[in-house]
Amino acid sequence: MDQFIQLTVDGLTLGSVYALIALGYTLVYGVLKLLNFAHGDVFMVGTFAGFGVLQLLGGPASPDVPIWLVIILVTLSAMAVCAALGVVIERFAYRPLRDAPRIAPLISALGVSFFLANSMQLLFGAAPRNYDLFQYHSGTLYLRGLHIGGVTVPLLRIITIVAAFVLMVILWFLVNKTRTGKAMRATSFDREAAAMMGIDIDRVIVFTFVLGSALAGAAGVMFSLRVPTNVSIGFIAGLKGFIAAVIGGIGSIPGAMVGGLILGFLESYIQGYVHGAHIPDGTQWSDLYVFSVLIALMLFRHQGLFGRPDIRKV
Amino acid sequence: MKKAFVLALAVLVTSVVAASAQGSQTAAARSLAGFNCKKTITLPFVTPLTGGAGFLGAEQLSWAKYAVKTLAPGLGLKVKLVGGDTPSEQGPAPAQTLAQKYIGDPSVLAVLGPSTSGGVAASTKAYYAAKLAHISPSATRTSLTKSTGGTQYTGSPAFFRDVPGDYIQGPSDANFMVTNLHVKKVVVMDFQEPYSLGLASVVEATLKAKGVSTSHLSAPNTTTDYSAYVTKVPSDADIVFFPTQKPGDAQTFAQQLIEQGKKAKVFGGDGSDNAAQFKQSGSYVSNFAPDITGIPADAKLIAGWKKDNPGKAVGSFGPPSYGAAQIAMTAISRACKAGGGSTTRQAVFRTFKKVSIKNWILGGSFKWSTKSNDPLNAKFYIFQIQSNGSYKLVG
C-alpha cells in the first residue's frame with residue numbers, strides 16, 4: 001500500500017508539471033492551430049529565470065525573505081519572463097507567417113526552439129542549475145509534510161501539486177468567465193467570424209501566448225524545485241507536454257489537464273509495478289509501455305479524450 | 001521490371017564497393033601524406049560541448065586550450081585547437097561524422113577524444129584506417145583497449161587513453177564497498193548508454209563474486225525525476241551504485257533517497273565527480289584523477305589556468321585533458337623532428353606509444369603500459385562527500 005501511495009504522489013507531481021506544459025500547447029493550438037514546438041524551450045528559460053531570481057534572493061540555504069515568499073517570487077518572476085518571451089516569439093516568429101502555409105510556422109517554431117536552447121547556452125553556459133532547496137533548513141522541505149500511511153508527502157511536492165492546481169483553476173476562470181476568455185474561445189472557434197464581430201484578433205493571440213508561456217514558466221519552476229535543469233531540458237519536457245496535450249485532445253483545456261495527469265500516473269505506475277521474469281522491466285522500458293498504451297488510446301479515440309472530431313462541411 | 005531492378009541493384013552494389021575501396025585507399029594515402037611541420041596543425045577535441053554533459057566538455061576543452069597555449073611554442077609547433085561537439089543525448093553518431101571530417105582534413109595529425117566510450121567505439125576503426133592516433137582523457141570502457149572476461153575488444157590500435165579503464169574502476173569501487181563499507185545489499189543502476197552499462201556490469205559481477213546481494217535498475221538516459229526508481233530501492237540496501245555522467249542527477253537521487261526515508265548512500269563513478277553539483281553529504285565518488293590542487297608541483301599550472309578561466313573551479317575532468325593534449329603534441333613534435341621538419345599521420349601514430357612525461361599533471365610521471373594503450377600503474381581514487389560538500393580521499 002505504501003508503494004502505491006508513493007507512486008501516486010510521484011505520478012501526481014509529474015503529471016501536474018506535464019499538465020501545465022500541455023496547457024501552453026493546447027491554448028496556442030486552440031487559437032492559432034499552430035504546434036508551438038518552441039514551448040519546451042520557453043519552459044527551459046523559465047527554469048533559468050527562476051534560478052536567477054532564487055540567487056538574487058540570497059540562495060536556497062539562507063534566503064533574504066521567508067521561504068514561502070521566495071517560492072512565490074521565483075514563480076511569478078519566471079512566469080513574467082516567459083510571458084514576455086512568448087510575446088516576442090509571437091511577434092517576430094509567428095505573426096509574419098500567420099497567412100503562410102501551415103508548414104512555415106511549424107519550421108519557424110522548431111527554429112525558435114533551437115535558437116533559444118543555443119542562445120541560453122551561449123549566455124549562461126552548459127552547466128546544469130540546481131535550485132537545491134534541500135539546503136534550506138537541512139532538508140525541511142523534503143523531510144516534513146503530510147503523512148499518509150507509511151509515506152511522507154514532502155512539503156515540496158505538496159507545493160508543486162497545489163500550485164499547479166491553483167494555476168489551472170485560474171486559467172479555467174480566465175477562459176470561461178472573463179470577456180477576454182470569451183474572445184479567445186470565439187477566435188478558437190472561427191477566427192474570421194470573430195474578427196467580423198469586432199474582436200481584436202492580434203490582441204487575443206498575444207494574450208494567448210502570454211498565458212501559455214506564463215504557465216510554461218510556472219511549470220519550469222515547479223519542475224526545478226526538485227530536479228536540476230539545463231539548457232537542453234526543454235526538448236524532453238516539451239515532448240512530454242505535447243504528448244499530454246494530444247492525449248487530452250489538443251485544443252481542449254480540460255483535456256490538457258487530464259492528459260498531463262494520465263501521462264504522469266502511467267509513467268509512475270509502470271516504473272513501479274511492471275516487472276517480472278518474463279516481461280521487460282517497467283523501470284527500464286517505461287517509455288515502451290507508456291507509448292504503447294498511448295498508441296492504443298489514439299487508435300480508439302483519434303481526437304484524444306476531450307477533443308472534438310474534425311468534422312468538415314462538404 | 002524485374003531485370004531493371006536487378007540491374008539497378010547491381011549498379012548500386014558496385015558503386016558502394018568501389019566507393020568504399022576508394023575511401024580506404026584515400027585514408028591510407030592520407031596517412032602517408034607528408035605534412036610540413038611549420039604549418040599550423042589542427043588539433044580537434046571531440047567532446048560534448050552542448051547538451052546535458054556540455055559542462056564537462058567545456059571543462060575539458062578549457063584545459064586542452066591551456067595546454068596548447070603553454071606547451072605548443074616550447075615544442076616548436078603552431079597548433080589550432082578546435083572543438084567537435086558530441087552531445088551525449090545524440091549517442092555516438094556525431095563522433096562518427098566528426099571522425100570523417102577530421103580524417104579528411106590534412107592539417108589534423110592527431111585527435112583528442114572522443115570523450116565518451118560510446119563515441120570512441122563508434123569512430124576508432126575509421127581513425128585506425130587513416131592511421132590517425134586519437135587519445136581520450138575520459139573514455140574508460142574496458143573493451144576499448146583490451147578484451148577481458150569474455151568481453152569483445154571494441155577499440156583499435158589507434159586509440160589511446162591517459163586515464164585508467166573500468167577494469168580498474170569497477171573492481172576498485174566494488175572492493176571498497178566490500179572491504180571498507182562492509183555492504184550486504186547493493187542496488188546497481190545503469191542509464192542505457194555505453195558508459196554506465198560497462199561500469200555497472202563490472203561492479204555487479206565483482207560484488208556478486210564476493211557474495212554481496214545485488215539488484216539492478218535501468219533508467220533511460222533522459223530521466224530527470226528518479227522518484228519511481230527510489231521507490232524500488234530496498235529499505236535495507238546499503239549502497240546504490242549510480243554511474244551517471246550527470247552529477248546533478250546523482251545529487252537528485254541522493255536527495256530523493258532521503259526524501260523517501262531510504263538509508264542507502266549513493267556511490268557515483270568518475271562521471272559524477274563534480275563537487276559543484278554532487279555534494280550530498282555521506283555519498284561516495286570514484287575518479288581516475290586525484291584532486292590536483294593538492295599536488296604542489298601543479299600550483300603554477302593551476303594558477304595559470306585560473307587566470308585564463310576566472311571564477312572556474314578545478315574539476316577532475318580537465319587535468320587529464322591537459323595531459324592528453326600534452327601527449328598528442330609531444331608525439332607530433334617528436335615525429336616532426338624525426339622527419340626533419342615534416343611528418344605523416346602514420347609517423348605520429350607510431351610515436352604516440354614512445355611518449356613519456358616526466359612531470360605528469362596527475363602526479364609523478366606518465367608512461368604507457370606495454371600490454372595495452374593504457375597508462376602504466378594508474379589507479380582510481382575514492383572520495384567521500386563531507387558535510388561541507390568537500391571531497392575527502394578515503395580509498
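1. Chain B, overall. In this predicted model, chain B holds eleven helices and 14 strands. The C-alpha trace spans about 70 × 65 × 35 Å along its principal axes. Of the 395 residues in chain B, 55% are buried.

2. Where chain B meets chain A. Chain B puts 27 residues into this contact, and chain A puts in 28 residues. On the chain B side, four elements each supply at least two residues: α2 (54–71), β8 (213–218), α7 (227–231) and α8 (247–259). Which of them gives the most? It is α8(B), with six residues. By class, the side of chain B that touches chain A has eight nonpolar, 15 polar and four charged residues.

3. A residue to look at in α8(B). A250(B) sits in helix α8 of chain B. Is A250(B) buried or exposed? A residue counts as buried with 20 or more other C-beta atoms within 10 Å. A250(B) has 30 such neighbours, so it is buried. Setting aside residues up to four places away in sequence, A250(B) touches F242(B), T244(B), V266(B), G268(B), S272(B) and F278(B). Take V266(B) from that list. V266(B) is 16 residues from A250(B) along the chain, and their C-alpha atoms are separated by 7.2 Å.

4. Helices α3 and α4 of chain B. Two packed helices are described by the angle between their axes and the distance between the axes. Here α3 (residues 93–103) and α4(B) cross at roughly 25 degrees, and their axes come within 8 Å. That makes α3(B) roughly parallel to α4(B). The crossing is right-handed. From α3(B), the contact uses A95(B), Q96(B), A99(B), Q100(B) and I103(B); from α4(B), it uses G119(B), A122(B), S123(B), A126(B) and Y127(B). These residues divide into six nonpolar, four polar and no charged.

5. Most peptide bonds are trans. The bond joining G113(B) and P114(B) is cis, with omega about -5 degrees. Where does P114(B) lie? It is in the loop between β4 (110–112) and α4 (117–129) of chain B.

6. Helices α10 and α11 of chain B. Helix α10 (residues 318–338) packs on helix α11 (residues 345–352) at an angle of about 120 degrees, with the axes 8 Å apart. That makes α10(B) oblique to α11(B). Again the crossing is right-handed. α10(B) brings A331(B), I332(B), R334(B), A335(B) and A338(B) to the contact, while α11(B) brings A347(B), V348(B), T351(B) and F352(B). The classes are seven nonpolar, one polar and one charged.

7. Helices α11 and α12 of chain A. Helix α11 (residues 253–273) and helix α12 (residues 286–300) of chain A cross at roughly 130 degrees, and their axes come within 9 Å. α11(A) is therefore oblique to α12(A). α11(A) passes α12(A) in a right-handed crossing. L266(A), E267(A), I270(A) and Q271(A) of α11(A) meet S286(A), Y289(A), V290(A) and V293(A) of α12(A). By class, that contact holds five nonpolar, two polar and one charged residues.

8. Positive phi in two loops. Most residues other than glycine have a negative phi. K33(A) has a positive phi, near 55 degrees. K33(A) is in the loop between α1 (2–32) and α2 (39–56) of chain A. With 13 C-beta neighbours inside 10 Å, K33(A) counts as partly exposed. Q192(B) also has a positive phi, near 60 degrees. The place of Q192(B) is the loop between β7 (185–190) and α6 (194–209) of chain B. How many other C-beta atoms lie within 10 Å of Q192(B)? There are 14, so Q192(B) is partly exposed.

Notes:
Residues are numbered from 1 along each chain as its sequence is written. Chains are lettered from A and ligands numbered from 1 in the order in which they are written. This is a predicted model: local features need pLDDT of at least 70, side-chain atom pairs count only at pLDDT 80 or more; totals for chains, interfaces and linings use all residues. A residue is buried if 20 or more other C-beta atoms lie within 10 Å of its own, exposed if 12 or fewer, and partly exposed in between; C-beta atoms are placed from the backbone. Axes are lines fitted to C-alpha atoms, for helices over the stretch in contact, and angles run from 0 to 180 degrees between N-to-C directions. Angles under 35 degrees count as roughly parallel, over 145 as roughly antiparallel, 65 to 115 as roughly perpendicular and the rest as oblique. A crossing is left-handed if the near helix is turned anticlockwise from the far one by less than a right angle, and right-handed if clockwise. Two residues are in contact if their C-beta atoms, placed from the backbone, lie within 7 Å. Ala, Val, Leu, Ile, Met, Phe, Trp, Tyr, Cys and Pro count as nonpolar, Asp, Glu, Lys and Arg as charged, and the others, Gly among them, as polar.
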